[in-house]
Amino acid sequence: MNQSQQFRPSSKPRIDPDQIPSPVAVQEADQEEWNQKPFVTSSRTNATPLASSDFMAVDGGNCNPRFFRMTTYNLPNTEDLLNTSQLPMGLVIQPLAQLRADEAPIETVDFGDSGPARCRRCNAYINPYMIFTNGGQRYVCNMCLFENEVDPGYFCNLDMNGRRCDLDQRPELRSGSIEFAVPKEYWNKTPTAVAYVFAIDVSWNSIQSGMLQQCVAGIKSAIWDANGISRLAPGTQVGILTYDKNVHFYNLSSGLEQAQMMVVPDVSDVFVPLSEGFLVNPETSQVLVESLLDMLPQLFAENKTTEPVIGAVVQAVRMALENRGGKLIIFQTALPTFGPGALRHRDDSKLYNTDKEKTLYAPQDDFYKKLAECCVDAGLSIDLFLFPNAYVDVATLGCLSSITGGETHMFVNFNAGRDGVKLVGDIGRIVTRPFGYNALMRVRCSSGLRIAEHFGNFHMKNSTDLEIAGLDSEKAFGVLVKHDGKLDEKTEASFQVALLYTTADGRRRVRVHNFSTPVTTLLGNVFRWADMDTTINFLSKGAIAQSLSKPLNEVRVALTEKCVKILSAYRRNCASSTAPGQLILPESFKLFPLYTLAMLKSKTLRMGRDINSDMRVHQMRMVKGMGVSESIVYYYPRMIAVHAMDEKVGVMDPSNGRVYLPPLVRVSYARLDATGAYMLENGQKVFLWLGRDIPAQFLQDVFGVQTLDEVSPEQRYLPEIDSLTSSQLRTLRTYMQAQRAKYLDLTVVRQGKDQAELEFSNLLVEDKNNEAMSYVDYLPTIHRMIQTEVTTRPHEVHTSIWSR
């Protein structure tokens, strides 16, 4: 259970990097464990697989970890025990996460007009942990312990073990995750298939940068495949509008010979000039939509207008979709200085690294916040694609996406040759991944616990329900749980996540995730079953929430202090008999110092003036919505050596769809060989680093050239060359892409030659960079702080910004 390391920083200036806890060793050992066996979710003997592992889960009554993860899977029975551990008690929930191809899909149950069975006191949905009594005539709610009468139509006798005789025919009583078809009383508007509206900035910047041309290509390839078949859910409708100082609507009715443009010049009182033809079926109107998209670059080629009016666009689309909801995807190139919601330039680098820096992270006024809240009421989710050449005020404009559950994509100084591939890829992933809209989510917990706070991108009118205009498979939420009394260690604690939403193909559903977990009186068990991956995600969401009210330096200091307090609590209470000079780390948290350092080096929190406020806020809001698996690779990228691959590398296992990878490499320049090639990905992009002495044979096999100088750093694809190495590399890249939410554009980095090497080196978090120390320096620093904490404050209990 323990990992012991002996460090003597005062006598030895530098410790051996090979002797400190390695994320590579931990991740590969966990992956090896789950390669050949499934994870049964009801298991009480196996730890939950790491978020970095590719595993298959079998729903045994608890929901799949892809949907629901906890900071510890043994809950402390009292608040005092929790405070002693210093661990946060939190959940990270990803309600629409995609299952692996070999996992059983979530079943749908229809109770008819009566709706799903629910507790009459707390409204919890029927689930595997409710206990039937009285011969099957009653059931006890696992949330509030109220004894409910079973409706006559739902009654079934119990067997000798007290289980319902129809258990095998009742997925809601067996499965941790279930979907209920719901009657009209669960509707706030008639459910319809989703509508996607693409709003394209056609001002001067859009034309000059080549954005419009690439945007048009991206929309076409997102809607239709190479054979002209729609990729969208059945019944989906699409709409196109363009804008500069005016808003241009298009009638795309299938009976027309060509699209009809309608211009709304008065953006101060914008309206929708057509009732039919704005939203159309992408199959019946395909010719019209494609011809319009093809025509746009030519139509606006001479446009000299430089002021795109995004506020009026959102107002108009909200009106158009008010009775149905959907998704608005906006492509905006500049700070809106004209029309409704006009903004002023307020970025000031003199405020960076000062107490006033936090003012740049808050919206400059309420216009976009209130507009976004109106969009939530309409069930309209907004995704922003921003293409700034200068300050664009993401803190203010980004409210449109963060409040409505959407996403912001940033392409700074957009270059069509460099960035076009990623733009096209991102548009495609947005419209084809699982999506629900017009959603309401509530998290319930059993007696003795309460939900205290929520973190993420959503809107809340009350203290219990998250209103989410749109929700895709990658969006996650953090939930802080607190004690509301003493828990009984003889019974388990229960949680239930209920998401009421409309599916992309227009069906109203409630998706329910259930989870039950043991309660303990032993601090050792709290640590043994703690989940560091989830804790890192949860703490990062809390840190970002704090950055709006506290200077970033205070937030950074608090993160290091939290790391020290958690590890000190373990050292003091679970390993007090060991020698004072040893650094004792709990097995589950032995990488905690490294990941804390990685958080401090991320663009969300790191020091320095090289991160402007726009990029900082963009990264913060992105992390707020990240699931655990995405955040782990974001903080500590995955790197593999690709210059000497075994023949089995890149081969797919047909039984589980997994591709065999080369061994992982720790992210440090010290691990790179100048004669080698390495592929690194962090969930946002892929780098292929080529050493200066890379053999000519590798270059010939992968790029078809003889020298490093002949490799173009601008290329975004790996060429198809008839060689084993080429085939392996392309398969690895495709496999990595399949595991990630965002399109991973490829950047080739030639050692000592390319500007992109700086960005690559910034991701090597074990090195000294980003104005922060290296891992081998940070770990002894943490050790000294733990020694001080243990010896000077042996019995003090601390609270923190994440436990209030």
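A search of the whole structure, which is a predicted model, finds 28 aromatic pairs. One of them joins F367 and Y368, whose ring centres lie 4.9 Å apart. The planes of these two rings stand at 85 degrees, so the F367–Y368 pair is edge-to-face; the cut-off for this class is over 60 degrees. The two residues are set apart by their accessibility. F367 has a relative accessible area of 26% and is therefore partly exposed, whereas Y368, at 0%, is buried.

A further pair is formed by F458 and F477, with ring centres 6.0 Å apart. Here the planes meet at 55 degrees, so the pair is classed as tilted. F458 is located in the loop between strand 20 (449-455) and strand 21 (465-472), and F477 in strand 22 (residues 477-483). The pair therefore ties together parts that are 19 residues apart in sequence. F458 and F477 are both buried. Elsewhere, one aromatic cluster is made up of F331, F385, F387, F411 and F414.

G311 counts as buried because its relative accessibility is 0%, where the cut-off for buried is under 20%. Leaving aside residues up to four places away in sequence, G311 touches P340, F367, Y368 and L371. Between G311 and L400 the C-alpha to C-alpha distance is 9.9 Å, with a separation of 89 residues in sequence.

The charged end of R164 sits over the ring of F132, at 4.9 Å from the ring centre. The charged end of R164 likewise sits over the ring of Y154, where the distance to the centre is 4.4 Å.

An open sheet is built from three strands in the order 8-9-10, and the pairing is antiparallel. Strand 8 (131-133) and strand 10 (147-149) are the edge strands, each pairing on one side only. From one strand to the next, the twist averages 30 degrees. Three bridges connect strand 8 with strand 9 (residues 138-140) in the antiparallel sense. Within strand 9, R138 is the bridge partner of T133.

How values were computed. Residues are numbered from 1 along each chain as its sequence is written. This is a predicted model: local features need pLDDT of at least 70, side-chain atom pairs count only at pLDDT 80 or more; totals for chains, interfaces and linings use all residues. Side-chain values use heavy atoms; hydrogens and water are left out. Buried means under 20% relative accessible area, exposed over 50%, partly exposed in between (1.4 Å probe, protein chains only). Contact means heavy atoms within 4.5 Å. Two strands pair if DSSP finds at least two bridges between them. Helices (H or I, at least four residues) and strands (E, at least two) are DSSP runs, numbered from the N terminus. Axes are lines fitted to C-alpha atoms, for helices over the stretch in contact, and angles run from 0 to 180 degrees between N-to-C directions. Rings of Phe, Tyr and Trp (its six-membered ring) pair if their centres lie within 6.5 Å; planes under 30 degrees apart count as stacked, over 60 as edge-to-face and the rest as tilted. A charge sits over a ring if NZ of Lys or CZ of Arg is within 6 Å of the ring centre and within 35 degrees of the ring normal.
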